[in-house]
Protein chains: 2
Amino acid sequence: MSKKEQTAISPTRFENYPEWYQQVVKASEMAEISPVRGCMIIKPWGYGLWESLQRQIDDMFKATGVKNAYFPLFIPISFLEKEAEHVEGFAKECAVVTHHKLEKGEDGRLVPAGKLSEPLIVRPTSETIIGDAFSRWIKSHRDLPMLINQWANVVRWEMRTRVFLRTSEFLWQEGHTVHASKQEAIDRTCMMLNVYKRVAEELLAIPVITGDKSEAEKFPGAETTMCIEAMMQDKKALQAGTSHFLGQNFAKASGIRFQSAEEKEELAWTTSWGVSTRLIGGLIMTHGDDNGVILPPRVATAHVVLLPILKKPEENEAVMTYTEELARQLRNILYHGTPLRVEVDARNIGGTRNWEWIKKGIPVRVEIGPKDIASNAVFMSRRDLDRKQSRSVTKETFLSDIIGILDDIQKNLFERALAFRESNTHDFDDMSSFDAFFTPVNKEQPEIHGGFARAHWCGGSDCETTIKNRLNVTIRCIPFDGKEEAGSCIECSKPSKKRVVFAKAY
Amino acid sequence: MSKKEQTAISPTRFENYPEWYQQVVKASEMAEISPVRGCMIIKPWGYGLWESLQRQIDDMFKATGVKNAYFPLFIPISFLEKEAEHVEGFAKECAVVTHHKLEKGEDGRLVPAGKLSEPLIVRPTSETIIGDAFSRWIKSHRDLPMLINQWANVVRWEMRTRVFLRTSEFLWQEGHTVHASKQEAIDRTCMMLNVYKRVAEELLAIPVITGDKSEAEKFPGAETTMCIEAMMQDKKALQAGTSHFLGQNFAKASGIRFQSAEEKEELAWTTSWGVSTRLIGGLIMTHGDDNGVILPPRVATAHVVLLPILKKPEENEAVMTYTEELARQLRNILYHGTPLRVEVDARNIGGTRNWEWIKKGIPVRVEIGPKDIASNAVFMSRRDLDRKQSRSVTKETFLSDIIGILDDIQKNLFERALAFRESNTHDFDDMSSFDAFFTPVNKEQPEIHGGFARAHWCGGSDCETTIKNRLNVTIRCIPFDGKEEAGSCIECSKPSKKRVVFAKAY
């Protein structure tokens with residue numbers, strides 16, 4: 001019987017996946033739940049990742065002609081009411097501002113005062129307030145397409161919250177575009193979904209499936225919702241980004257009309273699309289291990305940490321000089337267009353220091369002691385490999401290899417995640433094996449089971465609901481790459497032409 | 001009698017300064033007031049400037065060791081109440097969230113439902129919520145200094161709003177730092193004020209005076225507030241940034257304690273500092289003229305617009321090829337570390353096009369027609385110079401000179417603003433000339449008068465209040481560079497050692 005290996009995070013993923021997630025987030029110092037119900041505090045190590053991700057996403061948007069703007073935090077109730085499905089979807093969970101000041105009450109405590117004539121809600125999303133602006137800005141076909149994005153905070157009063165994955169307030173971007181024709185709007189919806197696929201796969205190293213949502217799962221008010229779906233290590237699905245073709249629903253609701261080239265007044269076609277800080281939760285659950293987070297280099301808050309070993313006062317100065325020089329050299333190296341981000345941690349706190357950086361998931365750790373300096377070397381560890389593979393390399397080799405090493409970590413993380421998803425994706429053609437797939441086998445570990453089940457579906461919402469009620473499994477997407485093949489619905493056996501992806505989901 | 005020159009903005013600054021400001025903002029397409037009371041929409045041309053400014057400010061912060069984080073939008077009332085002066089300052093004008101959903105009322109309209117047990121306010125500033133986090137994060141002197149910044153939206157329910165200058169919601173950054181000693185906290189307060197001075201002068205080309213606020217004008221809860229103050233073209237002062245030494249007030253309120261090197265528990269010292277989208281209003285009122293905005297190149301949304309003249313179909317292709325090639329060459333040029341931002345406007349709409357770019361204040365306009373191509377030239381106009389100074393230069397000269405031209409515009413704008421401030425800053429030693437200085441002479445133009453009055457002040461809040469009530473003039477700052485000199489208070493004639501700056505203010 002082999003001794004259980006000591007891990008930095010307790011419980012392990014297998015022992016208790018949801019609790020493992022909370023502990024990993026805590027140990028990484030990326031974020032924490034605040035004293036304000038359901039709101040999180042994003043700490044510097046988490047926010048730095050968001051900044052790095054945000055800047056790269058922003059560049060990708062701008063390369064497609066999108067410009068940034070900023071719209072009000074508050075939305076009058078009357079705006080929300082303009083689109084019936086939309087209000088239905090958001091009224092149930094929104095923060096409502098009813099007063100504009102506080103006054104001392106009878107007991108000396110502050111109470112709301114200055115009642116507003118019309119309550120305002122804190123934006124859960126901005127289709128209605130941005131649509132109103134578009135209706136004023138757009139007059140002619142010459143004003144189209146209009147391609148706008150905003151980086152903002154939004155609020156949805158969620159009942160059950162979990163850091164990064166589902167919080168009352170979160171940070172996101174929401175793109176909103178207006179087009180003269182239906183086809184152009186659909187093309188833009190697809191284009192932005194493809195940007196999201198690249199963000200997930202190339203930056204976050206998270207493989208994703210792209211496809212359409214079913215009627216039941218689409219955005220309130222959309223004609224169609226396209227999505228990227230990822231598989232977490234507990235085999236559940238995470239919706240990581242959505243792009244909506246809104247048809248003329250919001251153009252009607254907000255009165256977005258334009259004069260066509262033929263001088264006819266026409267209703268416009270709109271889209272909206274967003275990704276959020278939820279992506280960070282997806283990153284953690286895709287790549288994290290029982291020692292903590294593993295950050296993909298392309299978005300990492302920092303790429304390399306230098307850990308000088310300062311044990312003997314007479315040697316410390318030489319070690320620090322060598323370390324600072326290495327930091328300087330590294331910061332002069334460009335990694336995908338930006339300088340390497342390097343941390344130097346000179347605290348003399350023993351092994352704790354190394355473990356802190358492991359838990360934070362920095363891609364590369366470099367220890368530098370007097371012996372290393374004597375042989376002009378550094379002792380390097382990759383976060384994606386076993387610690388036994390740490391090794392001494394010459395400083396010159398390290399400097400010339402670092403970009404290759406980071407690219408290799410990025411590739412390794414992606415391939416590992418892809419292999420995991422593939423090994424947990426199966427085709428199902430009969431209900432009993434489908435049901436068994438989604439039933440926990442191990443009572444001590446009820447969280448990790450299932451995966452992506454590719455099964456035929458008749459297209460009916462009744463079958464979808466029945467499955468959801470029985471297994472808590474939903475259609476994650478109707479994949480774009482799904483080949484047509486004759487089959488029968490997994491639930492009702494009616495004919496079907498295509499498999500869809502079923503899974504339990506976050 | 002000379003004919004009045006036609007200007008793009010009506011009224012002119014002299015005719016009606018406040019209305020000129022509104023018209024300039026509108027004509028520039030930088031922002032507009034939204035249908036949500038007091039909230040603005042920052043349009044792409046304004047938001048691009050904010051992004052450029054934000055990125056440079058952020059780099060300056062990071063160079064001093066500051067890291068970004070993100071804290072909740074909502075603050076429980078009980079947090080606000082922890083610091084007495086603070087709550088006094090902000091309770092009068094804050095958005096209060098009292099409910100977490102909407103339900104159909106009796107008349108079918110949506111009404112607030114799900115009452116919160118404790119109302120939340122939308123952050124007007126975040127000292128209390130961040131202080132609470134600091135009290136949990138900081139344990140030892142080894143955790144100090146803690147240097148945190150957040151980029152966020154804040155809400156103050158202002159009664160009279162004006163785009164960029166005073167809006168219910170605005171964008172800003174708020175820095176919050178914690179230190180082990182009083183001196184270190186004061187040094188940080190000064191350091192960040194100096195960063196703001198550089199932001200104003202080097203990036204926005206706005207000359208500023210630095211100094212302390214009087215008791216009456218300081219931040220609610222601060223020990224001292226330092227500020228940068230600028231003079232607008234109506235000779236009023238604009239507070240453009242503040243840096244607060246908070247003493248131990250918020251450390252007491254939030255319980256921010258640490259174990260010192262001597263293992264004693266001590267209360268920490270904190271600072272906070274912020275600049276906001278108000279800077280954009282300051283930029284407009286400092287540099288704008290009767291033809292619209294003038295953007296300083298260091299923060300301009302775009303630096304150069306290329307305006308191909310497309311009149312004859314047989315020539316258009318050659319003109320566009322020449323234009324696109326020039327755009328490509330310009331975008332390869334670095335201006336203070338980032339590629340030149342170049343717009344190409346190929347609309348065939350006559351003189352309107354040129355005027356639109358003048359009103360937007362782009363630093364350099366370049367017209368390109370078939371004749372220019374024949375002589376390998378471009379026709380260049382600088383926004384800071386009279387249109388009569390537009391001239392034809394060879395393309396090579398233009399490419400080699402463009403950085404110098406932009407730097408010259410930047411310098412010119414700063415020097416113009418500095419000369420204006422200096423010519424409108426005067427020393428006063430008797431009350432009657434002081435009062436006359438602040439009394440409108442011209443009844444048709446009551447807005448533009450006064451300036452900065454440097455006068456002695458006894459230090460008493462009574463004199464300050466008397467002057468404020470009589471003239472609507474306040475002490476803008478007690479300047480750092482003010483030499484000591486014997487004098488007597490402009491109001492009460494008591495002895496004073498230093499002149500302070502009085503002005504009407506935004």
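1. Chain A splits into domain 1 (17-97 + 123-287), domain 2 (304-406) and domain 3 (425-503), with bounds that come from an automatic or database domain assignment. Between the C-alpha centres of domain 2 of chain A and domain 3 of chain A there are 48 Å.

2. A word on the ground rules: this is a predicted model, where local features need pLDDT of at least 70, side-chain atom pairs count only at pLDDT 80 or more, and totals for chains, interfaces and linings use all residues. Residues are numbered from 1 along each chain as its sequence is written, while chains are lettered from A and ligands numbered from 1 in the order in which they are written.

3. On the overall build, chain A has 14 helices and 27 strands; these are DSSP runs numbered from the N terminus, helices being H or I with at least four residues and strands E with at least two. Its radius of gyration is 26 Å, close to the 23 Å from the globule rule for 506 residues, so chain A is as compact as a globular protein of that length. (The radius is taken over C-alpha atoms, and the rule is 2.2 Å times the number of residues to the power 0.38.) Along the principal axes, the C-alpha atoms of chain A fill a box of roughly 80 × 60 × 60 Å.

4. Of the 506 residues in chain A, 48% are buried. Buried here means 20 or more other C-beta atoms within 10 Å of a residue's own, exposed means 12 or fewer, and partly exposed is in between, with C-beta atoms placed from the backbone.

5. Now the interface. 45 residues of chain B are in contact with 45 residues of chain A, a contact being two C-beta atoms, placed from the backbone, within 7 Å. Strand β5 (residues 96-104) of chain B gives the largest share of chain B's side, seven residues. That side has 30 nonpolar, six polar and nine charged residues; Ala, Val, Leu, Ile, Met, Phe, Trp, Tyr, Cys and Pro count as nonpolar, Asp, Glu, Lys and Arg as charged, and the others, Gly among them, as polar.

6. Strand β5 (residues 96-104) of chain A pairs with β5(B) in the antiparallel sense over three bridges, where pairing takes at least two DSSP bridges between the strands. A:V96 stands opposite B:H99.

7. Which residues have the most contacts inside the largest nonpolar core? They are A:C94 and B:C94, in a core of 294 residues. Such a core is a set of buried Ala, Val, Leu, Ile, Met, Phe, Trp, Tyr and Cys residues joined through C-beta atoms within 7 Å. Leaving out residues up to four places away in sequence, B:C94 touches residues including A:K101, A:L102 and B:W157.

8. In chain B, seven of the eight residues of strand β10 (residues 224-231) are buried, so that strand is largely enclosed by the rest of the structure. β10(B) runs antiparallel to strand β9 (residues 209-212) of chain B, with four bridges, and to strand β11 (residues 237-245) of chain B, with eight bridges. B:C227 partners B:G211 and also stands opposite B:T242 in β11(B). β10(B) and β11(B) form a hairpin with five residues between them, and B:K235 in the turn has a positive phi of about 70°.
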